[in-house]
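Subject: Structure for you, plus what turned up in it

Hi,

Here is the structure I promised to send over.

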Amino acid sequence: MANLIVHGGQPLTGRIVPSANKNAVLPILCATLLTQQPVRLLGIPEITDVRKIVEIFRMLGSEVAVDYASGVLDVHHRETRFDPQRHHLPEEMRSSVMLVPPLLARFGVARIENDVQGCTLGVREIDPHVEVMERFGCRVERSREALIIHADAGLKANHHWLDYASVTTTENFVLCAALARGTSTLTNAASEPHVQEFCHFMARLGARIEGIGTSRLTVHGVERLGGAEFRFAEDFHEAVTFMALGAITGGCITVKNSAPEQFPLIDRTFAKFGVRIVHEGGWSHTVVDGPLRVREPFTQNILQKIEAAPWPYLPVDLLPIFVALGVKAQGSAMFWNKVYEGAMGWTSELGKFGAHAFMADPHRIITFGGKPLVPAEVESPYIIRVAIALLMLAASIPGKSVIKNATPVRRAHPHFAENIRNLGAQIEWVEGD
């Protein structure tokens with residue numbers, strides 16, 4: 001694990017282009033296994049999980065050429081082979097479950113490791129994914145180390161209604177349906193921007209998908225998919241992160257943003273802390289008049305609320321960013337994570353900075369902001385944007401702070417420390433014990 005050393009107190013100012021969204025990049029990489037034609041991806045980020053998937057492709061015999069400096073990845077799966085007894089998918093990467101449908105479509109068999117996991121957000125069940133594969137006619141065999149999935153007669157179209165709007169389960173349904181025989185429909189589908197981007201890539205390969213961006217997807221199976229060239233969009237998570245870094249440090253960071261139509265609710269959430277977002281000419285930036293301050297609700301005797309849930313709610317991945325703003329701003333606010341029960345248990349680390357945050361239950365915390373904050377040594381759980389939220393606070397406080405176990409940042413944001421150093425931050429990586 002690596003630590004981030006932060007010498008805070010400097011306003012961060014400048015202009016930056018966000019990288020691609022990890023949550024779009026990884027399913028799109030997995031989807032390339034569905035075609036035996038060459039695929040070129042533009043804007044590929046140099047992040048941990050991308051490197052791991054590239055390693056898997058090479059292990060399976062695929063041709064992969066990647067230049068992280070230019071952001072170009074070329075992949076060709078014409079010589080790919082898979083042996084479920086010999087080829088194990090990485091357990092430490094949750095997105096490896098999205099390799100299963102392409103393996104089923106190509107080879108009629110795949111495996112899910114028993115301990116597959118990602119960020120420590122609580123229980124990350126695999127049952128919805130297994131259920132989707134069973135709906136497509138697959139047979140599941142449990143072994144000591146893994147679940148072995150068999151598509152003995154190929155994938156058969158079906159109609160399915162998800163228990164909840166899961167991003168990865170939605171993507172796995174589309175991956176199965178693209179080459180399945182017949183027409184499949186999914187109700188209660190996730191519709192996040194990265195799910196839409198993934199579906200547009202699938203369409204570029206030749207998949208026939210209706211309802212992109214809605215909660216009901218219809219996929220007409222095709223006989224085969226072709227090749228394509230595809231450029232990733234900017235990650236709205238990273239755009240929000242950079243703008244919040246500017247606001248919390250008293251600076252102003254302008255970010256490239258090609259999709260401001262996705263931001264109305266995000267803009268209103270910033271406004272709850274006295275931060276106004278301006279979108280113009282394909283770029284976005286913050287405007288803050290005076291100290292950060294929680295906006296008082298018109299309804300008396302209630303707290304300002306920031307509620308996060310599946311899109312089109314405020315994305316849960318962004319909630320820690322706004323918790324950091326809540327700690328810094330004058331006033332009190334309640335933050336409600338309506339998805340994960342294990343994502344809010346880091347209030348003790350906020351307390352090390354001198355912040356006052358109360359965990360009401362596994363889904364909700366209350367911040368009593370505007371307290372005097374001091375530099376501190378804190379430890380991040382294995383959650384990407386919690387590590388960044390702790391970094392945001394450290395950057396806003398004069399003096400030296402240490403964010404221990406900040407490695408999750410590298411899973412989503414390439415060259416993050418270098419980028420914010422160019423905006424005026426004094427920050428460096430140090431390898432920990």
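Below are my notes, going from the whole chain down to single residues.

A bit of housekeeping before that. This is a predicted model, so local features need pLDDT of at least 70 and side-chain atom pairs count only at pLDDT 80 or more, while totals for chains, interfaces and linings use all residues. Residues are numbered from 1 along each chain as its sequence is written, and side-chain values use heavy atoms, with hydrogens and water left out.

**The whole protein**

The protein has 13 helices and 23 strands; these are DSSP runs numbered from the N terminus, with helices (H or I) of at least four residues and strands (E) of at least two. Its C-alpha atoms fill a box of roughly 65 × 50 × 45 Å along the principal axes. The radius of gyration is 22 Å, which agrees with the value near 22 Å for a compact globule of 433 residues. (That radius is taken over C-alpha atoms, and the globule rule is 2.2 Å times the number of residues to the power 0.38.)

Of the 433 residues, 57% count as buried. Buried means under 20% relative accessible area, exposed means over 50%, and partly exposed is in between, with a 1.4 Å probe and protein chains only. The protein exposes about 17,400 Å², and carbon and sulfur atoms supply 48% of that; the areas come from the Shrake-Rupley method with a 1.4 Å probe, and for residues only the protein chains shown count as cover.

Contacts here are heavy atoms within 4.5 Å. Among the contacts with a separation of 6 or more, 72% come from residues 24 or more positions apart.

On charge, the mean positions of the 42 positive and 45 negative charges are 2 Å apart. Lys and Arg count as positive and Asp and Glu as negative, with His and the chain ends not counted; each charge is placed at NZ of Lys, CZ of Arg, CG of Asp or CD of Glu.

**The cores**

A nonpolar core is a set of buried Ala, Val, Leu, Ile, Met, Phe, Trp, Tyr and Cys residues joined through side-chain atoms within 4.5 Å. The largest one has 74 residues, and Leu245, Phe270, Phe322 and Phe335 have the most contacts inside it. Helix H11 (residues 384-396) gives the largest share of this core, eleven residues. Apart from it lies another core of 72 residues, including Val50, Leu73, Val174 and Leu205.

Nine of its ten residues are buried, so H9 is largely enclosed by the rest of the structure. Among the buried ones are Leu319, Phe322, Val323 and Gly326. Leaving aside neighbours within four places in sequence, Phe335 is in contact with those four residues, and its other partners include Phe273, Ile306, Met344 and His363.

Most residues other than glycine have a negative phi, and most peptide bonds are trans.

- The peptide bond from Trp311 to Pro312 is cis, with omega near 15°. Pro312 sits in the loop between strand E17 (304-308) and H9.
- Asn301 has a positive phi, near 65°. Asn301 is in the loop between strand E16 (283-288) and E17, and is exposed at 81% relative accessible area.
- Asn405 also has a positive phi, near 55°. Asn405 is in the loop between strand E22 (399-404) and helix H12 (409-412), but is buried at 17%.

The contacts below leave aside neighbours within four places in sequence.

- Thr187 is in strand E10 (residues 183-187) and counts as buried at 15% relative accessibility. His160 is 27 residues away along the chain, yet the two C-alpha atoms are separated by 6.3 Å. Thr187 is in contact with His160, Trp161, Leu162, Ser215 and Arg216.
- Ala24 lies in helix H1 (residues 22-31) and is buried, with a relative accessible area of 0%. Ala24 is in contact with His194, Glu197 and Phe232.
- Pro38 is in the loop between H1 and strand E3 (39-42) and is partly exposed at 45%. Pro38 is in contact with Val75, His76, Gly227 and Ala228.

Cheers
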